Amino acid sequence: MTKLISRMQAVQSPIIPVVGELIKNSPGTISLGQGVVSYSPPPEALELLPKFLAEQNNNLYKAVEGIPPLLAALAAKLSVFNGIEINGENCIVVTAGSNMGFMNAILAITSPGDEIILNTPYYFNHEMAIAMAGCHAVLVETDENYQLRPEAIAQAITPKTRAVVTISPNNPTGVVYSQAALHQVNQICGDRGIYHISDEAYEYFTYNGIKHVSPGAFAGSSEYTISLYSLSKAYGFASWRIGYMVIPQHLLVAVKKVQDTILICPPVVSQYAALGALQAKDDYLRENIGAIAQVRQVVLKSLNCLQSLCSITPANGAFYFFLKVHTQMDAFQLVAKLIQEHKVAVIPGTTFGMNNGCYLRVAYGALQKDTAKEGIERLVQGLQTIIRS
């Protein structure tokens with residue numbers, strides 16, 4: 001049979017399974033790779049499952065945009081935490097994770113050949129979604145501290161631009177964008193008649209007194225701001241696949257077309273669990289994210305030993321650090337050596353669009369303090385050995 005050629009050839013392969021295969025072949029490796037948390041969903045999430053099972057018609061399809069009780073709970077959360085009021089100008093759509101929300105948004109607002117602006121380093125699934133849609137990612141470099149450069153973003157806008165994407169707190173760098181910078185980007189989008197897609201999957205993960213900012217709360221921004229959220233991180237919901245998006249009301253028909261085609265409706269059992277999770281006591285988030293903050297300090301203390309070998313940018317959000325390693329070695333080659341020779345895994349920066357230099361993403365959310373300490377010590381020793389050899 002003739003080899004098939006499809007649009008997927010233009011899409012990069014996901015890096016997590018590739019690194020996962022290397023880990024599998026090196027038993028005992030500690031992974032500082034995948035961005036997940038170590039803790040489980042709150043008990044309140046599981047307590048609602050009997051209620052799901054008791055409803056006789058819950059085996060049937062439900063509303064494309066989500067079940068009403070969950071939509072109401074999300075509206076209350078958005079009002080209290082994000083400062084976003086659900087009104088006639090916007091609405092909520094529950095999705096199977098926030099990656100799906102991003103895909104929904106791209107398909108809803110673009111035609112093939114359109115452009116989406118990504119700030120580098122970008123989140124690889126965003127770039128992949130844009131390529132799948134037959135669109136082009138226009139890359140704008142952040143500054144030396146991975147902060148936004150609004151003027152450069154404005155200069156990158158063309159007649160084909162449909163949106164600017166921001167991620168704060170950021171994956172892969174862990175930085176948090178300032179309210180001033182986010183407001184400036186949001187204003188640029190409003191003035192130019194394009195959308196601002198704000199990925200806020202790590203909204204609860206901020207440190208050192210830094211507060212999360214939601215562009216969807218800026219006055220007058222409801223008409224062109226698309227906000228993406230996830231329960232995967234803060235509520236330990238990775239496999240339950242529940243996220244949600246706040247979109248302008250005029251996009252609802254288009255988004256529902258996409259979601260109905262791909263998903264029909266978000267898994268109803270997971271929506272019940274999400275409804276329960278949102279009822280968890282405040283202690284749940286405070287204690288679990290507080291534990292990650294302690295792991296962060298352990299990781300940061302060890303990373304400081306690498307100051308002569310790496311540039312380590314301060315990061316007050318998410319659960320990542322993004323290292324620039326002072327070497328000419330290919331990033332993936334370095335990752336492979338770290339796994340095979342030092343039993344520690346990280347993610348190469350090339351998958352985040354960083355091809356001019358050797359970059360590594362270090363994730364610490366999935367580990368308890370002792371394991372994280374061992375893993376980061378292996379990384380430090382491994383980099384010292386490999387780079388100096």
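Tutor: Buried means under 20% relative accessible area, exposed over 50%, and partly exposed in between, with a 1.4 Å probe and protein chains only. The model is predicted: local features need pLDDT of at least 70, side-chain atom pairs count only at pLDDT 80 or more, and totals for chains, interfaces and linings use all residues. Residues are numbered from 1 along each chain as its sequence is written, and side-chain values use heavy atoms, with hydrogens and water left out.

Tyr229 is buried, at a relative accessible area of 0%. The charged end of Lys77 sits over the Tyr229 ring, 4.5 Å from its centre; the criterion is NZ of Lys or CZ of Arg within 6 Å of the ring centre and within 35 degrees of the ring normal.

A search of the whole structure finds 18 aromatic pairs. Rings of Phe, Tyr and Trp (its six-membered ring) pair if their centres lie within 6.5 Å; planes under 30 degrees apart count as stacked, over 60 as edge-to-face, and the rest as tilted. One of the pairs is stacked: Tyr229 and Tyr244, 5.1 Å centre to centre with 20 degrees between the planes. This pair joins strand β7 (residues 225-230), which holds Tyr229, to strand β8 (residues 243-248), which holds Tyr244, across 15 residues; strands (E, at least two residues) are DSSP runs numbered from the N terminus. Tyr244 is buried as well, at 3% relative accessibility.

Phe322 and Phe352 form an edge-to-face pair, because their planes stand at 85 degrees, with the ring centres 6.0 Å apart. Phe322 lies in strand β10 (residues 320-325) and Phe352 in the loop between β12 (347-348) and β13 (358-363), 30 residues apart. Phe322 is buried at 1% relative accessibility, and Phe352 is buried at 0%.

Methods: Helix = DSSP H or I, 4+ residues; strand = E, 2+ residues; numbered from the N terminus.
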